[in-house]
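Please find below my notes on the model. They are set out as numbered points, from the whole chain to single residues.

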Amino acid sequence: MRLPDFIIAGARKCGTTWLHERLSLHPQFFFPQTTKEIFFFDRYWDRGLSWYADYFRNSPTDAICGEASPTYFTDEVAAKRIHETLPHAKMLFIFRNPISRARSHYEHLVAKADTRASFERAIEEFPEIVNEGLYFKHLSRFVDLFVA
């Protein structure tokens, strides 16, 4: 069963798509072709490891396999699940100024028509706009498990 060697785990609106696209261009890297974000360790854990591994079944044996699901970064249990399943996986995080990140998150919500509120009001309606920029809080879960 082939599983990823690394995970791009966040944070959202910080360049994870850009990093995924750049690494995808390299012939030694393999990412699932059907989707960038698998969401296994947060949303689809109940589907089981075989379901997850199916995304990597076509990877060349000498490829470095990876996936990018930035929602893992803020999920309360994703770090623990990743560590238990892939204890030797490399974790990649990409950050940006938290204020710029929050503004980008807000603009993303507006573009998707999830809100028409002002930025100030949207922060109240969508606490994740600010919460996802609390990097130390979320990164600590990963550091506690992967950096011993």
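What percentage of contacts in the protein chain between residues at least 6 apart in sequence join residues at least 24 apart?

1. Contact range. The share is 73%, counted among contacts between residues at least 6 apart in sequence. A contact here is a pair of heavy atoms within 4.5 Å.

2. Basis. The model is predicted; local features need pLDDT of at least 70, side-chain atom pairs count only at pLDDT 80 or more, and totals for chains, interfaces and linings use all residues. Numbering starts from 1 along each chain as its sequence is written, and side-chain values use heavy atoms, with hydrogens and water left out.

3. Secondary structure. Seven helices and four strands make up the elements of the protein chain. They are DSSP runs numbered from the N terminus, helices being H or I of at least four residues and strands E of at least two. Their order along the sequence is β-α-β-α-β-α-β-α-α-α-α.

4. Overall dimensions. The protein chain is as compact as a globular protein of 148 residues, because its radius of gyration of 16 Å is close to the 15 Å from the globule rule. That radius is taken over C-alpha atoms, and the rule is 2.2 Å times the number of residues to the power 0.38. The C-alpha trace spans about 50 × 30 × 30 Å along its principal axes.

5. Burial and surface. Buried residues account for 43% of the 148 in the protein chain. The classes are buried under 20% relative accessible area, exposed over 50% and partly exposed in between, with a 1.4 Å probe and protein chains only. The accessible surface is about 8,400 Å², and carbon and sulfur atoms hold 54% of that. Areas come from the Shrake-Rupley method with a 1.4 Å probe; for residues, only the protein chains shown count as cover.

6. Charge. There are 19 positive and 19 negative side chains, with the centres of the two sets 2 Å apart. Lys and Arg count as positive, Asp and Glu as negative, while His and the chain ends are not counted. Each charge is placed at NZ of Lys, CZ of Arg, CG of Asp or CD of Glu.

7. Cis peptide. The bond from Gly10 to Ala11 is cis, with omega near 10 degrees. Ala11 sits in the loop between strand 1 (6-10) and helix 1 (16-24).

8. Positive phi at Phe39. This non-glycine residue, Phe39, has phi near 65 degrees. Phe39 belongs to the loop between strand 2 (29-30) and helix 2 (49-53), and is buried at 12% relative accessible area.

9. Positive phi at Ala113. Ala113, also not a glycine, has a positive phi of about 65 degrees. The loop between helix 4 (98-111) and helix 5 (119-125) contains Ala113, which counts as exposed at 63% relative accessibility.
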